[in-house]
Amino acid sequence: MMREFLTELFRTREEPFDITLFSVWHIGYAAVIFAAILTAARLLRAREPAVKKRALDTVAVLVAVVYVADFFIQPLFRDGMMNVDKLPFHICTLLCPVIAFTQFSPRFSAIKEPVAFLSIIAPLMYLVYPGSALGSESPFCYEIIQTFVYHGLVLAYGVLLLTTKTVVPRIKNAYRALVGICLTVLWASFGNAVYSPEGWGRGYDWFFITGKTFPFIPQVLMPFVVVGCTFGMVLIIYGLYYLVILLQKKYEKKKRY
């Protein structure tokens, strides 16, 4: 009885309407996520450090709960099977344990800045092109809701680290993000080699480095393209951050006079 109820609750359903790229459902999910994050950032802006810390702790725990719980729920709507693609070899899924370590262990405080930037960039890429959510599934079934909620929470963690000033970016630390991206490429390469029974480039494509997802780019160049593009986005976020600081200073100076 319980199994039938849970199977029905979590099963992947189809509707007359699907999530397609930039459809009302795609844009709607993104809009809700952005609105929730901006609201949280605004509410926390003037709060004391202890409240900001508890909020970040809560988001980090929710990231872990949503990610880990999914592995227990997947067999209920996948005929007892699990989605291997959700193992932590993509940058988004890898961020789950990394966020937990950096949030709750002072030993990992040195990598909190690159984690903040990657926690913004990685889910943003997904929200712009939510490939795993596009198809014939209902926008309201568990599988779709879970992936948007997970990426939204990761994005919220990265944004709130900056808006609460828990992390104050320093461009001289940008190299740390580059190191993190390169390590992620190596980790994803391990996953692609071990879990792809059909061989490199024909099985899984974690972190999009095998050439399977983007076949128009030479396979040998894909790791360098991924590193270059991801680090380029990190630099853009740094640039936007400093631009906002500059505009704030100009506004405050103008207000004084």
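**Salt bridges and positive phi angles**

User: Aspartate 57 is buried, with 17% relative accessible area. What does buried mean here?

Analyst: Buried is under 20% relative accessible area, exposed is over 50%, and partly exposed lies in between (1.4 Å probe, protein chains only). The model is predicted: local features need pLDDT of at least 70, side-chain atom pairs need 80 or more, and totals for chains, interfaces and linings use all residues. Residues are numbered from 1 along each chain as its sequence is written, and side-chain values use heavy atoms, without hydrogens or water.

User: Which residue does aspartate 57 pair with in a salt bridge?

Analyst: A salt bridge puts a Lys or Arg side-chain nitrogen within 4 Å of an Asp or Glu carboxyl oxygen. For aspartate 57 the partner is lysine 53, with closest N and O atoms 2.9 Å apart. Both sit in helix α3, 4 residues apart, about one turn of the helix. Helices are DSSP runs (H or I, at least four residues), numbered from the N terminus. Lysine 53 is partly exposed, at 40% relative accessible area.

User: How many salt bridges does the whole structure hold?

Analyst: The search finds 4. One of them joins aspartate 70 to lysine 86, at 3.2 Å from N to O. This pair links distant parts of the chain: aspartate 70 is in helix α3, while lysine 86 is 16 residues away in the loop between α3 and α4.

User: Where do glutamate 143 and arginine 78 lie?

Analyst: Glutamate 143 is in helix α6, and arginine 78 is in the loop between α3 and α4. They are 65 residues apart, so this pair too links distant parts of the chain. Their side chains meet in a salt bridge of 2.8 Å, N to O. Glutamate 143 counts as buried at 18% relative accessibility. Arginine 78 is partly exposed, with a relative accessible area of 28%.

User: Now the backbone. What is the phi of lysine 165?

Analyst: Most residues other than glycine have a negative phi. Lysine 165 has a positive phi of about 65°, although it is not a glycine. Lysine 165 lies in the loop between α6 and α7 (174-195). At 65% relative accessibility, lysine 165 counts as exposed.

User: And phenylalanine 208: where does it lie?

Analyst: Phenylalanine 208 is in the loop between α7 and α8. Its phi is also positive, about 60°, and it is not a glycine. Phenylalanine 208 is partly exposed, with a relative accessible area of 35%.

Terms used: Helices (H or I, at least four residues) and strands (E, at least two) are DSSP runs, numbered from the N terminus.
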